[in-house]
Every structure is written in C-alpha cells, then in structure tokens.
Amino acid sequence: MKIRTILAISTLALTMGSASATEWWIGDNDGYGMGIPDNANHTFNGFTANYDGRSAAEVAATNGAQYTDTYSTTHPGYGPQPGTVATFTFSGLGNAWTQGSMWFDMADFQASTFGAVTVTFNGIIQNWAFNDGFPTTKVRFFDLDQNVLDLINSTQQLVITIDRANSVDFYGFDYARLSDRFARNDVPEPASLALLGLGIAGLLATRRRKPE
C-alpha cells in the first residue's frame, strides 16, 4: 500500500473517531477569570479564600455559573455565596440521550485532608474523593452512566449538586461542560494514531529519498 494511501486512510480513521459532539457550557473557560492554563497552578489565597474573578453575568447567573471563577464558591463566611451546596443545572436537553460526559475544570480538591464533598448527577451519587492538592487545577471528565442518561431522557435536564456539608475543603471551578458523547470516544484510538504516524513517517522518508 502506498504511503499516501496509508496517510489518507489513517487520517480518515482519526477523523471518524473524533466526530463532533453537541456541548452545553456553564462557565466560560477563561482560566478562573485570570487566564490560568488547564492543569496548572493558580495563585488563589489558600487561607482566606477571598478570590473572586467572576464577570457580572456570572454573578447574576442561577444555573451554576455563579459558582465559577471563585475560590471557594461554597464555603460559608468566605466565598461569595452563602450555603454549602453548589448546583449546576443543564436544561432543555431532550430525550434521545444514549451517551454523554461531564467535564469540570476544578481547583484544589483535597479529600484525604479535608473530607470529600458529596456529589450527585440527577440524584445519583458520584465518587469525587479527589486529592489534587493546593494550588493545583485539574480538568476531569466523567462518562455518564446509563441510569443518569435515563433520568436525562425522562426529565430533559441534568442537575449536578456538590454538597460540602461533610467537607471543610476549599475549592473552585472554572467551568462545567456537558457533551452528548462519551469522552473516551473523543480520544483517538491507539491503532489510528499508529497508522497516522506510519503514514507521516513514510511520507517524510519518501521526500528525503527524492532525487534533487
């Protein structure tokens, strides 16, 4: 098989493996309102938790965006919102869900030190016993279980609650992102990547051997 043919086939496989998805966002992926790169260290104050980088629209939001770009958003007496529960609500989702994933850009979760928050997706408990440490931000994805998908189809919404009642942790969010695809389906398969690499390597080798 010619190198150019291999390259074309591998590129097609790579494209098919990462088909576009519909997404819903809460928050704006602006690096916590200060341009912090994904999976990096922030400069929030870990003692008084007084950082607030929200836009006016985020402050006024009721869908959960009001809990983004702050640190810590749900710590009574410190964060800009009273209470201990943050709720992110995605509505108008329809009833044809067969797969889906949630993505969060989160900061400073330290469950082993300060206790884990209690998190539910449409009332179904999720394991959020993360230990990222201060001052680390982390982008995580969660492929939605079938029982969560069934509830999306019956209610046409996804409601995420993050309850800090059993935790004294400080933490923050940049955004919450919902996709109608499994996250793992958007990661190129190793075979496709290998085939693409083979095609590129062969094409480069052919060009080097081309007479002047």
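A salt bridge is a side-chain nitrogen of Lys or Arg within 4 Å of a carboxyl oxygen of Asp or Glu. By this rule the structure holds four salt bridges, and one of them joins Arg 177 to Glu 23, with the closest N and O atoms 2.7 Å apart. This is a predicted model, in which local features need pLDDT of at least 70 and side-chain atom pairs count only at pLDDT 80 or more, while totals for chains, interfaces and linings use all residues. Residues are numbered from 1 along each chain as its sequence is written, and side-chain values use heavy atoms, with hydrogens and water left out.

**Salt bridges**

- The pair of Arg 177 and Glu 23 links distant parts of the chain, 154 residues apart: Arg 177 belongs to strand 10 (residues 172-179) and Glu 23 to strand 1 (residues 23-27). Helices (H or I, at least four residues) and strands (E, at least two) are DSSP runs, numbered from the N terminus.
- Arg 177 is buried, with a relative accessible area of 13%, whereas Glu 23 is partly exposed at 36%. Buried means under 20% relative accessible area, exposed over 50%, and partly exposed in between (1.4 Å probe, protein chains only).
- Asp 132 forms a salt bridge with Arg 140, the closest N and O atoms being 2.8 Å apart. Both ends are buried: Asp 132 has a relative accessible area of 17%, and Arg 140 has 16%.
- Another salt bridge, at 2.7 Å from N to O, joins the side chains of Asp 143 and Arg 184. Asp 143 lies in strand 8 (residues 137-143) and Arg 184 in the loop between strand 10 and helix 6 (190-209), so the pair ties together parts that are 41 residues apart in sequence.

- Four strands form an open sheet in the order 1-10-5-8, with antiparallel pairing. Two strands pair if DSSP finds at least two bridges between them.
- Strand 1 and strand 8 are the edge strands, each pairing on one side only.
- On average, neighbouring strands of this sheet are turned by 15° against each other, direction ignored. Axes are lines fitted to C-alpha atoms, for helices over the stretch in contact, and angles run from 0 to 180 degrees between N-to-C directions.
- Strand 1 and strand 10 run antiparallel and are joined by five bridges; Ile 26 has Ala 176 in strand 10 as its bridge partner.

- Strand 9 is joined to strand 4 (residues 85-91) by seven bridges and to strand 6 (residues 118-121) by four. Ile 162 in strand 9 stands opposite Ala 86 and also opposite Val 119.
- Strand 6 and strand 7 pair in the antiparallel sense over three bridges, and Thr 120 has Ile 125 in strand 7 as its bridge partner.
- In a regular strand the side chains alternate between the two faces of the sheet.

**Aromatic rings**

- The structure holds 23 aromatic pairs. Rings of Phe, Tyr and Trp (its six-membered ring) pair if their centres lie within 6.5 Å; planes under 30 degrees apart count as stacked, over 60 as edge-to-face and the rest as tilted.
- The rings of Phe 44 and Tyr 71 are a tilted pair, because their planes stand at 40°, with centres 5.4 Å apart. Phe 44, in the loop between helix 2 (31-35) and strand 2 (51-52), is 27 residues from Tyr 71 in strand 3 (residues 70-71).
- Phe 44 is buried at 4% relative accessible area, and Tyr 71 is buried at 2%.
- Ring pairs link a cluster whose members include Phe 88, Phe 121, Trp 128, Phe 130 and Tyr 171.

**Charges over rings**

- Arg 140 lies over the face of Phe 130, 3.8 Å from the ring centre. A charge sits over a ring if NZ of Lys or CZ of Arg is within 6 Å of the ring centre and within 35 degrees of the ring normal.
- The charged end of Arg 184 sits over the ring of Phe 182, 4.4 Å from its centre.
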